[in-house]
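The sequence and structure come first.

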Amino acid sequence: MQQRVQAPEDTDNPQIKPPIDVLSELPPSAKLVAKVLEYNDDALTQAELADETLLPPRTVRYALTRLEEHDLVDSRFSFADARKRCYSLAFD
(Lines give C-alpha, C1' and ligand atoms only; values in the text may rest on other atoms or scores of the structure.)
Protein backbone atom coordinates (compact mmCIF):
# COMPACT_ATOMS: atom_id res chain seq x y z
CA MET A 1 0.00 0.00 0.00
CA GLN A 2 1.52 3.26 -1.12
CA GLN A 3 1.21 6.43 0.90
CA ARG A 4 0.91 9.67 -1.04
CA VAL A 5 2.28 13.07 -0.06
CA GLN A 6 -0.28 15.22 1.67
CA ALA A 7 -1.58 18.03 -0.50
CA PRO A 8 -2.74 21.23 1.24
CA GLU A 9 -6.38 20.65 0.30
CA ASP A 10 -6.28 17.10 1.72
CA THR A 11 -5.34 18.04 5.30
CA ASP A 12 -8.65 16.72 6.68
CA ASN A 13 -8.19 13.25 5.18
CA PRO A 14 -6.74 10.91 7.85
CA GLN A 15 -5.74 8.31 5.20
CA ILE A 16 -3.01 10.55 3.76
CA LYS A 17 0.21 10.83 5.75
CA PRO A 18 2.47 13.88 5.81
CA PRO A 19 5.73 13.52 3.81
CA ILE A 20 7.86 13.14 6.95
CA ASP A 21 5.79 10.16 8.13
CA VAL A 22 5.97 8.52 4.71
CA LEU A 23 9.73 9.11 4.58
CA SER A 24 10.21 7.53 8.01
CA GLU A 25 8.84 4.24 6.65
CA LEU A 26 11.26 4.09 3.71
CA PRO A 27 14.65 2.35 3.68
CA PRO A 28 17.75 4.13 5.02
CA SER A 29 19.10 4.73 1.52
CA ALA A 30 15.96 6.65 0.55
CA LYS A 31 16.21 8.74 3.73
CA LEU A 32 19.85 9.55 2.98
CA VAL A 33 19.09 10.56 -0.62
CA ALA A 34 16.21 12.74 0.60
CA LYS A 35 18.49 14.40 3.19
CA VAL A 36 21.14 15.17 0.55
CA LEU A 37 18.47 16.64 -1.73
CA GLU A 38 17.19 18.71 1.19
CA TYR A 39 20.62 20.27 1.81
CA ASN A 40 21.30 21.05 -1.87
CA ASP A 41 19.61 24.03 -3.45
CA ASP A 42 20.07 22.69 -6.98
CA ALA A 43 18.62 19.53 -8.46
CA LEU A 44 21.10 16.65 -8.61
CA THR A 45 21.65 13.82 -11.09
CA GLN A 46 21.92 10.18 -10.05
CA ALA A 47 25.71 10.33 -10.44
CA GLU A 48 25.92 13.45 -8.25
CA LEU A 49 23.72 11.79 -5.63
CA ALA A 50 25.95 8.70 -5.68
CA ASP A 51 29.01 10.93 -5.14
CA GLU A 52 27.38 12.91 -2.34
CA THR A 53 25.92 9.93 -0.48
CA LEU A 54 28.80 7.52 -1.13
CA LEU A 55 26.16 4.93 -2.07
CA PRO A 56 26.51 2.64 -5.11
CA PRO A 57 24.63 3.90 -8.21
CA ARG A 58 22.25 0.94 -8.06
CA THR A 59 21.27 1.79 -4.48
CA VAL A 60 20.71 5.44 -5.46
CA ARG A 61 18.43 4.30 -8.30
CA TYR A 62 16.49 2.11 -5.87
CA ALA A 63 16.17 4.96 -3.36
CA LEU A 64 14.95 7.36 -6.06
CA THR A 65 12.42 4.80 -7.26
CA ARG A 66 11.05 4.42 -3.74
CA LEU A 67 10.90 8.21 -3.30
CA GLU A 68 9.16 8.62 -6.67
CA GLU A 69 6.58 5.94 -5.77
CA HIS A 70 5.45 8.18 -2.93
CA ASP A 71 5.76 11.45 -4.89
CA LEU A 72 8.49 12.74 -2.57
CA VAL A 73 10.87 13.81 -5.38
CA ASP A 74 10.44 15.71 -8.62
CA SER A 75 12.50 14.82 -11.65
CA ARG A 76 13.21 16.70 -14.85
CA PHE A 77 15.54 16.29 -17.79
CA SER A 78 18.93 17.95 -17.49
CA PHE A 79 19.43 20.95 -19.76
CA ALA A 80 23.14 20.17 -20.07
CA ASP A 81 22.59 16.52 -21.04
CA ALA A 82 19.10 15.35 -22.00
CA ARG A 83 20.09 11.73 -21.27
CA LYS A 84 20.24 12.56 -17.56
CA ARG A 85 17.50 13.40 -15.11
CA CYS A 86 17.81 15.88 -12.24
CA TYR A 87 16.07 15.26 -8.93
CA SER A 88 14.83 17.58 -6.20
CA LEU A 89 12.50 17.21 -3.24
CA ALA A 90 8.80 17.66 -3.89
CA PHE A 91 8.11 19.03 -0.39
CA ASP A 92 9.64 21.55 2.02
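**Overall make-up**

The model is predicted. The protein contains four helices and two strands, and along the sequence these follow the pattern α-α-α-α-β-β. Of its 92 residues, 35% are buried. Among the contacts with a separation of 6 or more, 42% are between residues 24 or more positions apart. The accessible surface amounts to about 6,200 Å², and carbon and sulfur atoms account for 50% of that area.

**Nonpolar core**

The largest nonpolar core is made up of 21 residues. Leu-23, Val-33, Leu-37, Leu-49, Leu-67 and Leu-72 have the most contacts inside this core. Two or more residues each are supplied by α1, α2, α3, α4 (57–69) and β2. The largest share belongs to α2, which contributes five residues.

Val-33 shows how one of these residues is placed. With neighbours within four places in sequence left aside, Val-33 is in contact with Leu-49, Thr-53, Leu-55, Ala-63, Leu-64 and Leu-67. Of these partners, Leu-49 and Leu-67 are also listed among the residues with the most contacts inside the core.

**Largest pocket**

The volume of the largest pocket is about 220 Å³. Its lining has 15 residues, and those closest to the pocket centre are Ala-34, Leu-37, Glu-38, Leu-89 and Phe-91. The elements α1 (19–24), α2 (28–39) and β2 (85–89) give two or more residues each to the lining. The most comes from α2, with five residues. By residue class, the lining divides as follows.

| Class of lining residue | Number of residues |
|---|---|
| Nonpolar | seven residues |
| Polar | two residues |

**A loop residue**

Thr-45 lies in the loop between α2 and α3 (46–53). Is this residue buried or exposed? Its relative accessible area is 10%, under the 20% cut-off, so Thr-45 counts as buried. Which residues does Thr-45 touch, not counting those up to four places away in sequence? They are Lys-84, Arg-85 and Cys-86.

Technical notes:
Residues are numbered from 1 along each chain as its sequence is written. This is a predicted model: local features need pLDDT of at least 70, side-chain atom pairs count only at pLDDT 80 or more; totals for chains, interfaces and linings use all residues. Side-chain values use heavy atoms; hydrogens and water are left out. On a 1 Å grid over the protein atoms alone, a cavity is a set of points where a 1.4 Å probe fits but cannot get out, and a pocket is an open set with protein on both sides within 12 Å along at least five of seven lines; lining residues have an atom within 4 Å of a point. Grid points are joined across faces, edges and corners, and a volume is the space filled by probe spheres set on the points. Ala, Val, Leu, Ile, Met, Phe, Trp, Tyr, Cys and Pro count as nonpolar, Asp, Glu, Lys and Arg as charged, and the others, Gly among them, as polar. Buried means under 20% relative accessible area, exposed over 50%, partly exposed in between (1.4 Å probe, protein chains only). Contact means heavy atoms within 4.5 Å. Accessible areas come from the Shrake-Rupley method with a 1.4 Å probe; for residues, only the protein chains shown count as cover. A nonpolar core is a set of buried Ala, Val, Leu, Ile, Met, Phe, Trp, Tyr and Cys residues joined through side-chain atoms within 4.5 Å.
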